[in-house]
Amino acid sequence: MERSLEAHLEQLLRRHAELREALGGTGITGTDFARLSKEYSELSPIVDGIDALHRARDELASLVEIAQSGEDAELKALAEDELLTLRAGLPALEQKVKLALLPKDADDERNAILEVRAGTGGEEAALFAADLFRMYQRYAALRSWRFELLDLSETGLGGFKEATALISGAGVFARLKFESGVHRVQRIPETEASGRIHTSAATVAVLPEAEEVDVRIDEKDLRVDVFRASGPGGQSVNTTDSAVRITHLPTGLVVIQQDEKSQHKNKAKALKVLRSRLYEMERQARDNARAAQRKSQVGSGDRSERIRTYNFPQGRVTDHRINLTLYKIDKVMSGEALDEIIDAIHTEDQAARLATVEG
């Protein structure tokens, strides 16, 4: 490891020891105790990794000494065998420590708002949007996450113009945040008599769920319109004005909510989505301010960025950001193989961020 990194590790060890001593005393109470406890718990896994690395290095030095002594041939052979194993495992320990040092995304542990919208391609795009939405629903079920439908605008043929859900569980946003972008599909529509392959697209946005404490919304900045909810093809599905349209005047953001029969519930859900969109705008502004770092990352989260192609005739899914192709489209669409793509993207992102830190 580089000398500057080693010095940083020693500094972290000293800080961890200081915190342990301070928390074990009697002079710290209230908010100071909570703050120091949080810092201590965040440092502890890093320190565990550093300790494991130091133990491995100490053992390596002892084995080298035994192997070079030449006093006992059998002991020397054993030491040489263990040296090979230990040396092979050392890079992984170093990598683990480096990864633990990477800055954490403060939003990783949040729930996520999933928005899927049909893009170019007419009815086929809407059908694909519905397929994508169901893919994430199945994936959420496989991970024992809660998938709550917030809003759904259907077409007459079973497609989705747009669909929104709240996904709740451990580390939801961390897993799904790289799914934002344009998803493209290539397949033969059921209505296509000549068997031609059509290309269409849907847009996915994954937003960290924002709480009221994260984003303050002033009522005077909102225009709230109520109207009668409608179903596919425009037919009325509700006899009361329960659907809600909220316009955030400063930004022009519009959220429509009509899934519930209660106007009050629809307004609450619409505000939840609006709050998350405003929070995401702030996140994007912060990220743009770190443009140099952003270039090294896998995905920008930009909804206009084409990230993945689903080719049904060839049975393949290609993620263009990392040039990964899987020939198991059915398992991806069922949610079973989605982790293979997500894990690869996270690995690539970690490698890119490590290169930035080390560089």
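Helix H2 covers residues 30-69, 40 residues in all, and reaches 57 Å from its first C-alpha to its last. That is close to the 58 Å expected at 1.5 Å a residue; the expected span is 1.5 Å times one less than the number of residues. Helices (H or I, at least four residues) and strands (E, at least two) are DSSP runs, numbered from the N terminus.

This is a predicted model: local features need pLDDT of at least 70, side-chain atom pairs count only at pLDDT 80 or more, and totals for chains, interfaces and linings use all residues. Residues are numbered from 1 along each chain as its sequence is written, and side-chain values use heavy atoms, with hydrogens and water left out.

H2 bends by about 35° at Ser44. The bend is the angle between axes fitted to the seven residues ending there and the seven starting there. A proline, Pro45, follows within four residues.

The buried residues of H2 include Leu36, Leu43, Ile50 and Leu63. Buried means under 20% relative accessible area, exposed over 50%, partly exposed in between (1.4 Å probe, protein chains only). Helix H1 (3-24) and helix H3 (73-101) are among the parts that cover them.

Next, the cores. A nonpolar core is a set of buried Ala, Val, Leu, Ile, Met, Phe, Trp, Tyr and Cys residues joined through side-chain atoms within 4.5 Å. The largest has 38 residues; Leu114, Leu176, Tyr310 and Val332 touch the most other members. Its largest share, nine residues, comes from H4. Apart from this core lies another, of 20 residues, among them Leu12, Leu63, Leu90 and Val97.

Val332 has contacts (heavy atoms within 4.5 Å). Beyond its neighbours within four places in sequence, Val332 touches Met135, Tyr310, Val317, Leu326, Ala337, Leu338 and Ile341.

Now the rings. Rings of Phe, Tyr and Trp (its six-membered ring) pair if their centres lie within 6.5 Å; planes under 30 degrees apart count as stacked, over 60 as edge-to-face and the rest as tilted. The count is four aromatic pairs.

Phe133 lies in helix H4 and Phe147 in strand E2 (residues 146-154), so their pair ties together parts 14 residues apart in sequence. Phe133 is buried, at 4% relative accessible area. Phe133, Phe147 and Phe160 form one aromatic cluster.
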